Amino acid sequence: MKKILPLIILAIAVSACHDEDFLTEHPKYFYTVDNAFSTQDQVDQALVQCYASVRDLHSMKNEGAQYFALRGSNGTDMFDVTTVRHNYQFNDYSILTPEHAVFKNIFSYWYKMISYANLALYGANIEEIQWDSEESRRYAIAQAHFFRAWAYRNLGETFGGVFLVPDLCFEPKFDFERKTRVETYQYAIDELECCIDDFPATPLQPARLARGAALHTLAQLYLDKGIALEEEGRGGEAHEAYLKSVDYAGGVIDGGVHSLMTERFGTRMSEGPTYYYASNSKQKTPAHTYAKAGVDLQGNVIWDMYQPGNISYQDGNREALWIIHCDLDAYVEEDKGSKLNYSRSFSPTLRDALPGVIEGLMEDVGGRGVTWVMPTAYTREMIYEGKWGEGDLRNSEVVMRRTLLGNVPGNIYYGKVIPWDVLYRKGQSESTRAAAYTQAFPISCKVASDIYPDDDFGGNKSYLYRDDYMLRLAETYLIRAEASMRAGDTAKAAEDINVVRSRAHCSYLVSAADVDLNLILDERARELIYEEYRWNTLLRMGGTVAADRIREYSYWDYPRSGTMKNFSVWPIPQSVIDTNKDIKIEQNEGWN
């Protein structure tokens, strides 16, 4: 009887329907927006796509020119490319046009995130879906709004005014209207202010958004909006925006949930790193440690902040506002995006800079670096000159390792400190010196480690397997400092800058008279090296700040000797302008 039942049901179904209805296909396994969401978990998967997209960019999962530009800050005052990476040069304005693939790919990246967020919002508002609670549904909606705001913030900072896409598009559209930069920022602000109370006070799990990240982003957006308003000559409204930025930053700083980490903590709080002068694993013996050679590296709180197990709020790090989550076990099992592509992208290539003296791919040289981007003289030297480097833990040997020992047996520098004049090939040909300077530089604990756990499964010291910061409280202080400065309160700005400098044990604390835009940018460079998206920072400043600083601090001469554009935004990709055929889109000034 059980075998016959399906046939009886089928017969009843056939006799009870119209022929044309019966012949209409109703596939259960072809997902569309109409049938993709039936559970809370399916909506969350759309949000997970947003988180994954953020992680892929920030961790530099994929190597490409757009990642080296946006995430790696290639072409800014802080970073540039080596002599062997000229194909990735990003401040030669003879080749940077609106057709450049970097602009197109970055523009597309943010609109993909908007589409993921729109999809999540669509699903979260389907009435038939059963939720654990109304609080869970509202939190899902809040996360989707955050990612839309995040995308528009980044678009506004880099491209200026853009198109708003508040809903899913079901048909091709060729008549998008471009908003102003102020309107773009305001849209992002509205996205967050409508749901700020729906974020939990602390992250419910690592990498998930909480109220601190939303408040921080609102502080950033109001700062951005104020600058854009000033550009439009609306000084009174700009002042109000700066005060709102100060208020929102204060909500994070004084909210009782987050605080700077000022004392040693976490998984390695009683130790420092152990390095060996070893060009291969056989040389990693107790007789070959840096300590044995007289270089004793003492850990400190800044170093602690970048050790595995110390990054997230759940790890006890009260400074973390929002992180990306990477995990070695997940990487080994299935998630090949669960890694930070930092040692490969950001570490020096000392083996090429000074072969025969310091070689290999071991921990002492920063792992298997291929140096997609390198720090400029401004980043590695100038911001720490004189009083600015005195006592600064951010420039300490354990955080920014400048002492390197020769690791090739038989060489005169074997087990001894290599002078930087030697590393930089002083006295040799110009081309040799240029190559060495771009391939040899201090090694940051943010991008390299003394421990690479992938040795256990055939890894090659290219990656770090730990969480990383998207937003942290030290930057909130610097945002509030900048907003206070722009609002005319340089004393308050100095106070916030000194909180960050005091945590780093800097001997020199700034006064109100010190505070200007250059100080803000310098302090951001000292605090946020390898974290900040420097193009965003420079472009959002408006005016010719980006162009002026690139002219002054670029390693290469292209911006100084060539045609340097005085710009405060990147160009709208030409393909976007051409596709939007029903409404004419004006190109950003200076990029025609």
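User: How do you know that E495 and K492 are separated by about one helical turn?

Analyst: Both sit in helix α18 (residues 490-503) and they are three residues apart, which means about one helical turn lies between them. Keep in mind that this is a predicted model.

User: What makes the contact between E495 and K492 a salt bridge?

Analyst: The closest N and O atoms of E495 and K492 are 3.6 Å apart. The cut-off is a Lys or Arg side-chain nitrogen within 4 Å of a carboxyl oxygen of Asp or Glu, so the pair qualifies.

User: Why is E495 called partly exposed?

Analyst: Its relative accessible area is 47%. Partly exposed covers what lies between buried, under 20%, and exposed, over 50%, so E495 belongs there. K492, with 22%, is partly exposed too.

User: And what about K584 and E586: are they buried or exposed?

Analyst: K584 has a relative accessible area of 70%, and E586 has 52%. Exposed means over 50%, so both residues are exposed. They also form a salt bridge, with the closest N and O atoms 3.8 Å apart, and that is within the 4 Å cut-off.

User: Which parts of the chain does the salt bridge between R148 and E191 link?

Analyst: That bridge, at 2.6 Å from N to O, links distant parts of the chain. R148 lies in helix α6 (residues 134-159) and E191 in helix α7 (residues 181-193), 43 residues apart.

User: Why do R148 and E191 count as buried?

Analyst: R148 has 4% relative accessibility and E191 has 6%.

User: How many salt bridges does the structure hold?

Analyst: There are 45 in the structure. Some residues are linked in a network of salt bridges, among them E319, D392, R394, K446 and R472.

User: Where does R472 sit?

Analyst: R472 is in strand β6, opposite A320. Strand β6 (residues 468-472) pairs with β2 in the antiparallel sense over four bridges.

User: What makes those two strands count as a pair?

Analyst: Pairing needs at least two bridges between the strands. With four bridges, β2 and β6 meet that requirement.

User: Why is strand β2 described as largely enclosed?

Analyst: Five of the five residues of β2 (residues 320-324) are buried, so the rest of the structure largely encloses this strand.

Definitions and conventions: Residues are numbered from 1 along each chain as its sequence is written. This is a predicted model: local features need pLDDT of at least 70, side-chain atom pairs count only at pLDDT 80 or more; totals for chains, interfaces and linings use all residues. Side-chain values use heavy atoms; hydrogens and water are left out. Buried means under 20% relative accessible area, exposed over 50%, partly exposed in between (1.4 Å probe, protein chains only).
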